[in-house]
Each structure stands twice: as C-alpha cells, then as structure tokens.
Amino acid sequence: MKITIELSGGLEILFNKEAKHEVELADRTVISLKDLLVYIKDNLIKERPDLFIVDGTVRPGILVLVNDCDWELLGGLDHEVQDGDVVVFISTLHGG
C-alpha cells in the first residue's frame, strides 16, 4: 500500500523540512488514520512531535484532508486510508 502525506502551513519544519512523503506500507491494504498518526510519529517526525500530535490525535488548529475531503466528514480517526490516497495536514496556526 502506498500513500502520500503532504504538509504545509509550517508543519514541514517538524519533518526535516520535507513537505511531501511517499509512504509504503507493504504489510497493509488499509490503515486507519489513528494508526497512520502512530506511524507518522514513530517514523516521520524529526523533532517536537508534541507540536503535531497530542493525546493520540492531531493538535487543534491542524486541518486534515484525505483526497481533498475533511477527515471529520469521513469519520475522523476511524477512517481507513486506502492505497493511493493523499493525506494532507495543514497548520492554521502561524506566529507573528
């Protein structure tokens, strides 16, 4: 299973300044967003995971889109991501 993870709004800084990650999960055909967040925390975040994930979900102020659809409309953490899906995380919080 291959999925694309995209980051913007400053989140890419937490991921070694890489805004796009192609992830291959050879042992899966689907993965819940909850499990994907665990994978991201364990494998992709390079610094300050607390700025991305709190209590098993994304921090308030981070939009999550799956194939351009808000994850809350799809079932939130329980939504199952499929092969070829694009998951986008956008921070709406900006310093000044």
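**Contacts, core and pocket in a predicted model**

Reader: Which residues does Leu36 touch, leaving out those up to four places away in sequence?

Author: Leu36 touches Ile3, Ile5, Ile31, Val81 and Val87, with residues up to four places away in sequence not counted. Contact here means heavy atoms within 4.5 Å.

Reader: What kind of model is this, and how are residues numbered?

Author: It is a predicted model, in which local features need pLDDT of at least 70 and side-chain atom pairs count only at pLDDT 80 or more, while totals for chains, interfaces and linings use all residues. Residues are numbered from 1 along each chain as its sequence is written, and side-chain values use heavy atoms, with hydrogens and water left out.

Reader: Back to Leu36. Which residues have the most contacts inside the largest nonpolar core?

Author: Leu36 is one of them, together with Phe15, Ile40, Phe52, Val58, Val87 and Phe89, in a core of 26 residues. At least two residues of this core come from each of β1 (2–8), α1 (33–43), β6 (62–66) and β9. Helix α1 gives the most, with 4 residues. A nonpolar core is a set of buried Ala, Val, Leu, Ile, Met, Phe, Trp, Tyr and Cys residues joined through side-chain atoms within 4.5 Å. Buried means under 20% relative accessible area, exposed means over 50%, and partly exposed lies in between, with a 1.4 Å probe and protein chains only.

Reader: How many helices and strands does the chain have?

Author: There are 2 helices and 9 strands. Their order from the N terminus is β-β-β-α-β-β-β-β-α-β-β. Helices (H or I, at least four residues) and strands (E, at least two) are DSSP runs, numbered from the N terminus.

Reader: What about overall dimensions: what does the C-alpha trace span?

Author: About 40 × 25 × 25 Å along the principal axes. The radius of gyration is 12 Å, which agrees with the value near 12 Å for a compact globule of 96 residues. That radius is taken over C-alpha atoms, and the globule rule is 2.2 Å times the number of residues to the power 0.38.

Reader: And how many of the 96 residues, in percent, count as buried?

Author: 35%. As for contacts in the chain with a separation of 6 or more, 60% are between residues 24 or more positions apart.

Reader: Pockets next. Which residues line the largest pocket?

Author: The lining consists of Gly9, Gly10, Leu11, Ile13, Leu14, Leu51, Arg59, Pro60, Ile62, Ser91 and Leu93. It divides into 7 nonpolar, 3 polar and 1 charged, and the space in the pocket is about 180 Å³.

Reader: What counts as a pocket, and what is the volume?

Author: On a 1 Å grid over the protein atoms alone, a pocket is an open set of points with protein on both sides within 12 Å along at least five of seven lines, whereas a cavity is a set where a 1.4 Å probe fits but cannot get out; lining residues have an atom within 4 Å of a point. Grid points are joined across faces, edges and corners, and the volume is the space filled by probe spheres set on the points. For the classes, Ala, Val, Leu, Ile, Met, Phe, Trp, Tyr, Cys and Pro count as nonpolar, Asp, Glu, Lys and Arg as charged, and the others, Gly among them, as polar.

Reader: Ser91 is in that lining. Is Ser91 buried or exposed?

Author: Buried, because its relative accessibility is 9%. Ser91 lies in strand β9 (residues 86–91). Beyond four places in sequence, Ser91 touches Ser8, Gly9, Leu11, Gly61 and Ile62.

Reader: Change of topic: what is phi of Asp55?

Author: Near 55 degrees, a positive value in a residue other than glycine. Asp55 lies in the loop between β4 (53–54) and β5 (57–58) and is exposed, at 77% relative accessible area. Asp68 also has a positive phi, near 70 degrees. Asp68 is in the loop between β6 and β7 (69–70) and is exposed, at 71%.

Reader: Where is Lys41?

Author: In helix α1. Lys41 is partly exposed, with 45% relative accessible area, and contacts Pro49 and Ile53, leaving aside neighbours within four places in sequence.

Reader: And where is Glu18?

Author: In the loop between β1 and β2 (20–24). Glu18 is partly exposed at 37%, and it contacts Leu7 and Glu12, again leaving aside neighbours within four places in sequence. Glu18 and Val87 are 69 residues apart in sequence and 15 Å apart, C-alpha to C-alpha.
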